[in-house]
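Visitor: I have a structure open and would like to learn how to read it. Could you walk me through some features?

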Amino acid sequence: MAKPNETNFFSKLTAFQIIAGGFLLLVLFGACLLMLPFASQERILTPFSDALFTSISAACVTGLVVRDTATYWSLFGQIVILSLIQIGGMGVVTIGMTVVKLSGKKIGLRQRSIMQESISAPSLGGIVQMTGFILKITAIIEGCGILLLMPVFCRDFGFLKGTWYSLWHSVSAFCNAGFDLMGVREPFSSLTSYSGNIYFNIVVMLLIVMGGLSFFTWNDIRINKLHIKKYSMQSKVILMTTGILILLPAIMFFLTEYANLPLGERLCCAFFQSVTARTAGFNTSDLAQMTESGQFIMTVLMLIGGSPGSTAGGMKTTTVAVLFLAALTVFGRRNDVQCFRRRISDDTVRNAGAILFMYVVLFISAGMFLSLHDSIPLVTCLFETGSAVGTAGLTLGITTSLSLPSHIILMILMFLGRVGGLTLIYAALSASDDHVSRLPLEKITVG
């Protein structure tokens, strides 16, 4: 039974503080497990900095690594990493709510409010049922992913190892984590050995896209089937924006990259890089060989990320869509931001602008630090910091060579990118009540 002072302490914490604190505890616990000698194949004590970096990258479903996952970590270490990926992808609060529900305890209004903030739910209604739906849809999609990947991995690695590889990559792909076990062929090679396997590429891309969609969009699909007109405005925006962000970059990659590859493999690489850039972290081609224009497009995609209430990170597709619609409103000299015959609130537009500003500042300032401190070209460093804050996990090959201060910067970016910059700001600052009075209005010219 909790002591009164303990109860008072937790009751004073805001939902944002509990979400951020939950992720921090998960990261530290994972780092402690990964430090243990039997977490590494050589049975040595892993330095805390490397264990912490790996734990943050896994829990924040990023995919940046300082140790090759397949060759450095033992089976125990890989299980720890996969568990962190699964918990981080579904959300610490979602797992906590599931444990409470299974224990038979009543879930109060405060717990429901925390869950609402954690999964970006539009309202408190149906939160408990939504938790169960998240578990079911995750199990179904990851289970299908395992079965579809088994023919490839069992053919290449045998039944037992192939089954483990199928489980690993299905979870990693759906959770948009980007951790792979292909280092057994070549360290840090990701999925480059399967660049020409059309079947394998399609399966992994589907898992990534499904994980990057909002769980609420999946609920809309479950309820309304193919009656798209009945979907919520958010689901429509997510589906449309996701489709555009897959198709347009893929066309650009096809036209500007991979000219030396056969047509089928060229199509696979173009679409795979378009899909994986928005927080998945796998790659089927050498990203360092891409043109700077291609690398810049991938950096932008990594910053955008997936959709709210999904396993993906980044600014989110809805943020970009709202800002685009706000720009169209200004260009058209209309009063309200509109989409699908619905009006978007001014608060939503302000939040979208704040998120964009925060991500750009973090991305650029961190990139400049890495470039100055480690004497690496700025474009390469910006790709790395965009990958970290967007929780994408893609790299141009500099992660392992960076100094400890630069690794610390990347760890902070990964944590901010997964938990959410606004969540941490709300957790640190108490809200001010400005509803009683308002300051005088005065215009300022912009543009």
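Visitor: Is Arg350 buried or exposed?
Guide: This is a predicted model, where local features need pLDDT of at least 70 and side-chain atom pairs count only at pLDDT 80 or more, while totals for chains, interfaces and linings use all residues. Residues are numbered from 1 along each chain as its sequence is written, and side-chain values use heavy atoms, with hydrogens and water left out. For accessibility, buried means under 20% relative accessible area, exposed over 50%, and partly exposed in between (1.4 Å probe, protein chains only). Arg350 has a relative accessible area of 53%, so it is exposed.

Visitor: Which residue does Arg350 pair with in a salt bridge?
Guide: The term stands for a side-chain nitrogen of Lys or Arg within 4 Å of a carboxyl oxygen of Asp or Glu. Here the partner of Arg350 is Asp347, at 2.1 Å from N to O. Both sit in helix H16 (residues 346–374), three residues apart, or about one turn of the helix. Asp347 is partly exposed, at 46%. As for the naming, helices (H or I, at least four residues) and strands (E, at least two) are DSSP runs, numbered from the N terminus.

Visitor: How many salt bridges does the structure hold?
Guide: Four. One of them joins Asp50 to Arg67, with N and O 2.9 Å apart. Asp50 belongs to helix H3 (residues 48–59), whereas Arg67 is in the loop between H3 and helix H4 (69–72), so this pair ties together parts that are 17 residues apart in sequence. Asp50 is buried at 13% relative accessible area, while Arg67 is partly exposed at 26%.

Visitor: And what about Asp156, which residue does that one meet in a salt bridge?
Guide: Arg155, with the closest N and O atoms 2.8 Å apart. Arg155 is exposed, at 55%, and Asp156 is partly exposed, at 29%. Salt bridges that share partners also bring in Arg185, giving one network of Arg155, Asp156 and Arg185.

Visitor: Let's move on to helix packing. How are two packed helices described?
Guide: By the angle between their axes and the distance between the axes. The axes are lines fitted to C-alpha atoms, for helices over the stretch in contact, and angles run from 0 to 180 degrees between N-to-C directions. Take helix H17 (residues 378–389) and helix H18 (residues 404–419): their angle is about 40 degrees, with the axes 7 Å apart. That makes H17 oblique to H18; angles under 35 degrees count as roughly parallel, over 145 as roughly antiparallel, 65 to 115 as roughly perpendicular and the rest as oblique.

Visitor: Which residues of H17 and H18 meet?
Guide: Contact means heavy atoms within 4.5 Å. On the H17 side you'll find Glu384, Thr385, Ala388 and Val389, and they meet Leu410, Leu413, Met414 and Gly417 of H18.

Visitor: Where is Thr391, and is it buried or exposed?
Guide: Look in the loop between H17 and H18. Thr391 is buried, with a relative accessible area of 0%. Its phi is positive, about 50 degrees, although it is not a glycine. Lys225 is another non-glycine with a positive phi, of about 55 degrees. That lysine lies in the loop between helix H11 (215–224) and H12, and is exposed at 51%.

Visitor: Which residues form a nonpolar patch on the surface?
Guide: Patches are made of residues with over 30% relative accessible area and no salt bridge; like charges are joined within 9 Å, nonpolar side chains (Val, Leu, Ile, Met, Phe, Trp, Tyr) within 5 Å. Here Met240, Ile244, Leu247, Leu248, Ile251, Leu255 and Phe340 make one, with about 660 Å² of accessible area together. Such areas come from the Shrake-Rupley method with a 1.4 Å probe; for residues, only the protein chains shown count as cover. Ile251, in helix H12 (residues 233–256), is partly exposed at 40%.

Visitor: To zoom out, what does the secondary structure of the chain come to?
Guide: You'll see 19 helices and two strands. Of the 447 residues in the protein chain, 52% are buried.
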